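Trainee: Could you take me closely through the charged side chains of this model, with the criteria behind each term spelled out?

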Amino acid sequence: QWLSDRKKRALQKKDVDIRRRIELIQDFEMPTVSTKIKVSRDGQYIMAVGTYKPRVRCFDTYQLSQKFERCLDSEVVTFEILSDDYSKIVFLQCGRFVEFHSQHGHYYKTRIPKFGRDFSYHYPSCDLYFVGASSEVYRLNLEQGRFLNSLQTEASESNVCDINPVHFLFAMGTAEGKVECWDPRTRNRVGLLDCALSSVTADTEIEGLPSISALKFDGALNMAVGTSTGQVLLYDLRSNNPLIVKDHHYGLPIKSVQFQHQLDLIISADSRIIKMWNKDTGKIFTSMEPEHDINDVCLYPNSGMLMTANEAPKMNIYYIPVLGPAPKWCSFLDNLTEELEENPESTVYDDYKFVTRKDLENLGLAHLIGSSLLRAYMHGFFMDIRLYHKAKMMANPFAYEEYRREKIRQKIEETRAQRVQLKKLPKVNKELALKLIEEEGEEQQFSKKRKQKNLPSLLKDDRFKVMFENPDFQVDEQSEEFRLLNPLVSKISEKRKKKLKILEELEAQGQEEEEEPEGKASDAESSESSDDEKGWVEEVRKQRKLLRQEEKLKRQERLKEDQQTLLKPQFFEIKEGEEFRSFKDSAKKQKLMKKTLEDRLKLEEKLGTLNVSDTTVGSKQATFKLKKSEQQRKQQEAEKRHRQERKTLRRSANHLKSRRGRGRLFH
């Protein structure tokens, strides 16, 4: 999806895997979402409805392409193909409309009284049965072209319905979790099943009342019911109790239920998962979890092909050879699946390398974040593999040589392993490996005597293999944790050895394990265990003392080093316009910053730089003065002195003028 069309074509010529990709039906998709998908009875046409805009698309399997597309006035709830091909179709739409289409296109549109949710076609009488947000089941006769008397049910609303293909019994699933069965000939109810009560078992957890969300008949006697809480119930029509209850464990409504007759499977689907399970035992056969939510599932008849309508443009096609052969229009799938089984799958991102933010910092490529060279994905980025190799070579030029040497060493060790060799301890954690070998030998002897199965070896287990190969997992015996834990571990192993010896003695004497060994009372055992506890506690104390002494020695060495080192004076440059007083000012500032806001405000009120007063409204009003720097303060003082000097000069001048004027008058 990141490549242009030109690059895709070029890649298709080079890459064999891309050339092998199969597109069964061309443009098998919807613009936004597909809601329902069905196959015609002759198997030639696949029809799907979706949005947006509401439309129906018909695909011809013989041509492996789209035959036609028709846009509709409103979204389709469900539809039914009445004929063997696409010539007669009925659509139930959101706005209570029922639309009929013929081969050429739109034929007729009518409306039902209430919003519909599902409908079924009764072939013997040409009646359409509509269920929905009403207690009535509406009947529309297609031969006469008029509505007939509706069936009055006990349900407040109905969600789904189906007609048995053998004896044409009409069944409808209600919002109250019941299934009502009606006889179309007499228009009377002949049965009622309480599925909500039957779906509650000891293993299931249900929140709220389960309503019926899916319904499907199989033959004359079997019926599968799906609930809104994620359970599937299989019924025999002759019994009120279900034969089997299968829980999806997701709590999501069951969207579709299908029967697969070749392997006696039931295919049930909710919006998250498709499950295939045996209808006799309930054992899971397989399950599929698509990337997007599922809206509908359609099983292609007499084959192993499965199609899904999803909350995505693409409609998925699955082929499972175990379920049956491929349809005749794509019989080449059988040969392709055999080839695919022989060849392993390649990785999805072959040309890209996933790196985290830390990896980019180590490679010195952190400045590329946000550029077109990195594509953000989850907690990291995808970058071109060639750029990654170049950057790694520059960051660590000898990494390839080290990697090459390591690979050669591994190959040599693999060839050596094929030869006849004696038991050899691993290079990493030799003491731990020796201890495990000894313990396994003791346990094997004990299990042979008791005729028990041997436990798997820790050294041979692939999960712990790296612990004895990678030097990073080497146990540091000088670490504080190891030295404190080692006395306890050694005492536990000694206890275990003693216990094994006691059990062996008991078995030799033919006594049971619960009995006490002769010559040793329970008090003696308890005293022994208490002595052991005292012993390892003392050892732990010793280790603690040693650790403290070592820390003390390290501190003394540091002090000696500090005394020997000569401290040189450091000079700092003061900015222009600032005067250095002392280090006391910075200490005062630090003390002031540690104080709370309340204490700082009180201090500023005392100094006169802050004034807090109450207003008439009831809120607080604060006025404050900004602190001035030393240079500004000196400048202001100089200006103040200058103004005072000018004032004194003016006063003296005025005084002299007034004296001269008086002297003239006297003359």
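Mentor: What follows goes through the salt bridges and then turns to a charged surface patch.

The model is predicted, so local features are given only at pLDDT of at least 70 and side-chain atom pairs only at pLDDT 80 or more, while totals for chains, interfaces and linings use all residues. Residues are numbered from 1 along each chain as its sequence is written, and side-chain values use heavy atoms, with hydrogens and water left out.

Side chains of opposite charge can pair when their charged atoms come close. The structure holds 15 salt bridges, a salt bridge being a side-chain nitrogen of Lys or Arg within 4 Å of a carboxyl oxygen of Asp or Glu. One of them joins Arg 41 to Asp 84, with the closest N and O atoms 3.0 Å apart. This pair links distant parts of the chain, 43 residues apart, since Arg 41 sits in the loop between strand S1 (33-39) and strand S2 (45-51), and Asp 84 in the loop between strand S5 (76-81) and strand S6 (89-93); strands are DSSP runs of E with at least two residues, helices are runs of H or I with at least four, and both are numbered from the N terminus. Arg 41 counts as partly exposed at 48% relative accessibility, and Asp 84 counts as partly exposed at 45%, where buried means under 20% relative accessible area, exposed over 50%, and partly exposed in between (1.4 Å probe, protein chains only).

A salt bridge is also formed by the side chains of Arg 117 and Glu 157, at 3.0 Å from N to O. Here Arg 117 belongs to strand S9 (residues 116-122) and Glu 157 to the loop between strand S12 (146-152) and strand S13 (158-163), 40 residues apart.

Glu 154 and Arg 189 meet in a salt bridge as well, at 3.4 Å from N to O. Because Glu 154 lies in the loop between S12 and S13 and Arg 189 in strand S16 (residues 188-194), the pair ties together parts that are 35 residues apart in sequence. Glu 154 is exposed, with a relative accessible area of 61%, whereas Arg 189 is partly exposed at 33%.

Arg 55, Arg 57 and Glu 69, in turn, are linked in a network of salt bridges.

As for the surface, Glu 431, Asp 476, Glu 477 and Glu 481 form a negative patch; patches are made of residues with over 30% relative accessible area and no salt bridge, with like charges joined within 9 Å and nonpolar side chains (Val, Leu, Ile, Met, Phe, Trp, Tyr) within 5 Å. Glu 477 is found in the loop between helix H8 (430-450) and helix H9 (480-509), and Glu 477 is partly exposed, with a relative accessible area of 34%.

Technical notes: Accessible areas come from the Shrake-Rupley method with a 1.4 Å probe; for residues, only the protein chains shown count as cover. Lys and Arg count as positive and Asp and Glu as negative; His and the chain ends are not counted. The place of a charge is taken as NZ of Lys, CZ of Arg, CG of Asp or CD of Glu.
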